[in-house]
Amino acid sequence: MKTVDPAALSVEGLSHAYGPRQALKDVTFAIEPARFTVLLGLNGAGKSTLFSLVTRLYGTQRGSIRIFGRDVSVSPGEALCMLGIVFQPRTLDLDLSVRQNLTYHAALHGIGAADANRRADRVLARMGLSERADDKARSLSGGQMRRVEIARALLHEPRLMLLDEPTVGLDIKSRADIIEHVRALVAEERVCVLWATHLIDEVAESDDVIVLHRGRLLAHGAVPAIVAQAGAADIRAAFTALIRDAGTEEAGEVA
Amino acid sequence: MSASALHTTPRGFSLAQYTICLKGIVWREGLRFLHQRERFVAALVRPLVWLFIFAAGFRQVLGVSIIPPYDTYVLYEVYIAPGLMAMIQMFNGMLSSLSMVYDREMGNMRILLVSPFPRWYLLCAKLIAGTAISLLQVYAFLLIAWFWEIEPPLIGYLTVLPALVLAGLMLGALGMLISSGIKQMENFASVMNFVIFPMFFASSALYPLWRVREASPLLYYVCQLNPFTHAVELIRFALYGQLNWVSLAVVCGCTAAFMVGAIFAYDPSRGFAARRGGAGADA
């Protein structure tokens with residue numbers, strides 16, 4: 001049965017509050033398959049909350065989230081099968097080897113040992129880490145750990161990858177490596193990537209961008225469209241202008 | 001595209017995949033346990049200190065009359081051995097839930113919770129893994145205790161196994177339930193004081209309940225209501241090839257209740273996750 005290809009991730013009317021503090025306010029967007037989309041926002045914009053809701057670490061309070069058409073509240077298992085995640089905090093088990101970390105993750109997706117080892121070899125080669133497979137995770141550098149986490153997230157062949165500020169705390173070379181690897185995934189394997197960051201120089205001209213500020217969605221579209229919409233010279237100026245205008249509006253609302 | 005169209009092609013997991021997931025979780029807990037040798041040593045030293053020092057000192061003070069399941073006078077060391085076995089399991093249950101709090105702070109827990117398997121299954125698998133580790137510890141303790149003249153009948157080593165599994169599940173589920181309510185590691189120390197010590201001392205682990213009754217009828221009833229008492233008695237009877245039905249019923253009932261509570265608490269829309277970040281969000 002052929003159906004219309006749904007959006008990789010569609011979020012509708014999503015709001016979330018921690019007690020009185022509103023972390024997300026009526027956020028709606030949809031991202032297309034096989035695109036590199038940057039979720040751009042300052043610290044406290046709501047990026048991590050959004051990721052926690054998409055991965056169902058938190059339950060949805062209001063609104064809906066669909067991954068390739070599957071509602072995460074209705075059928076979380078099916079939705080999570082299609083999702084690969086790299087969280088902002090380090091999530092490798094430092095006492096285990098790289099391979100053991102990967103096969104543990106594979107088991108959590110119902111993938112048996114033999115198949116898991118084959119897949120581990122493939123994703124580690126893809127991330128340029130084949131020779132580190134049997135080393136303890138503890139012995140890796142920050143950049144290598146991130147690449148292992150990305151490899152692990154790829155193990156079950158997800159169609160949508162979420163990365164929450166994956167380059168935080170890394171040096172310039174490691175950052176560039178990781179961005180290059182992830183962009184290659186989108187180009188070669190047609191994986192859809194949602195990349196959360198506050199580092200504007202990680203945005204490329206060909207990307208889609210979602211601008212989130214204090215829980216509100218300020219803009220969503222291709223880079224040139226957002227730049228034009230803000231009447232700015234480049235994405236950095238456009239982002240600054242959007243944030244400034246939002247600040248003025250909020251000040252107006254309060255007054 | 002309709003919702004019903006989507007649901008006609010669900011991607012469920014086969015029984016084999018559920019088994020792979022369980023094996024993966026048990027295997028990882030086992031590896032972690034092996035890597036943390038000091039944890040194993042600590043788990044053994046704790047009850048052995050009680051056995052070698054405390055029991056030796058109290059041997060002359062406390063007389064134990066003939067009570068079931070014993071059919072003769074027993075040494076005090078022999079009396080407290082089942083209580084120490086349960087203590088090993090309680091510490092293990094609390095420590096593995098402590099590691100869940102740690103994992104949650106560190107982020108490892110997220111990797112478990114974003115697995116597409118149902119969350120109740122993941123928590124049960126984690127519980128089974130923790131119980132398996134506690135069995136290793138208890139049998140290592142029994143081996144050492146054998147040289148200390150704690151020599152239950154050989155068949156007892158086999159008949160005690162199901163009792164240990166049940167007690168391990170109950171104490172692990174209790175730890176899991178408690179861990180769900182704790183946001184930070186620091187808070188855990190006080191829970192240890194408020195849960196482990198009262199449960200251990202207000203039980204039949206260190207003294208027979210008839211002696212407690214002589215001292216304080218109220219304390220006797222508290223001990224009777226303490227699930228840990230029943231874990232101890234289930235183990236004590238099973239170690240001598242007997243079954244204590246009341247304890248069996250209490251342990252099974254408490255395991256179920258604690259587990260349901262833990263699953264509820266780890267449900268993203270209801271439990272700790274919904275409360276995180278501030279009170280009042282638990283709508």
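This is a predicted model: local features need pLDDT of at least 70, side-chain atom pairs count only at pLDDT 80 or more; totals for chains, interfaces and linings use all residues.
A:Leu83 and A:Ile85 point one way. A:Gly84 and A:Val86 point the other way. All four residues, on both faces of the strand, are buried.

## The sheet

β6 and β7 belong to an open sheet of six strands in chain A. The order is β6-β7-β8-β3-β9-β10, and the pairing is mixed. β6 and β10 (216–222) of chain A are the edge strands; each has a single partner strand, so one side of each lacks a neighbour in the sheet. From one strand to the next, the twist averages 15°.

Elsewhere in the order, β3 (residues 36–40) and β9 (residues 208–213) of chain A also pair. Their sense is parallel, over four bridges. A:Leu40 has A:Val211 as its bridge partner in β9(A).

## Helices on the sheet

Helix α5 (residues 142–154) of chain A packs on the sheet and touches β6 and β7 of chain A. The direction of α5 makes about 165° with that of β6(A).

Helix α7 (residues 223–230) of chain A lies across β9 and β10 of chain A. Its direction runs at about 120° to β10(A).

Terms used:
Residues are numbered from 1 along each chain as its sequence is written. Chains are lettered from A and ligands numbered from 1 in the order in which they are written. A residue is buried if 20 or more other C-beta atoms lie within 10 Å of its own, exposed if 12 or fewer, and partly exposed in between; C-beta atoms are placed from the backbone. Helices (H or I, at least four residues) and strands (E, at least two) are DSSP runs, numbered from the N terminus. Two strands pair if DSSP finds at least two bridges between them. Axes are lines fitted to C-alpha atoms, for helices over the stretch in contact, and angles run from 0 to 180 degrees between N-to-C directions. Two residues are in contact if their C-beta atoms, placed from the backbone, lie within 7 Å.
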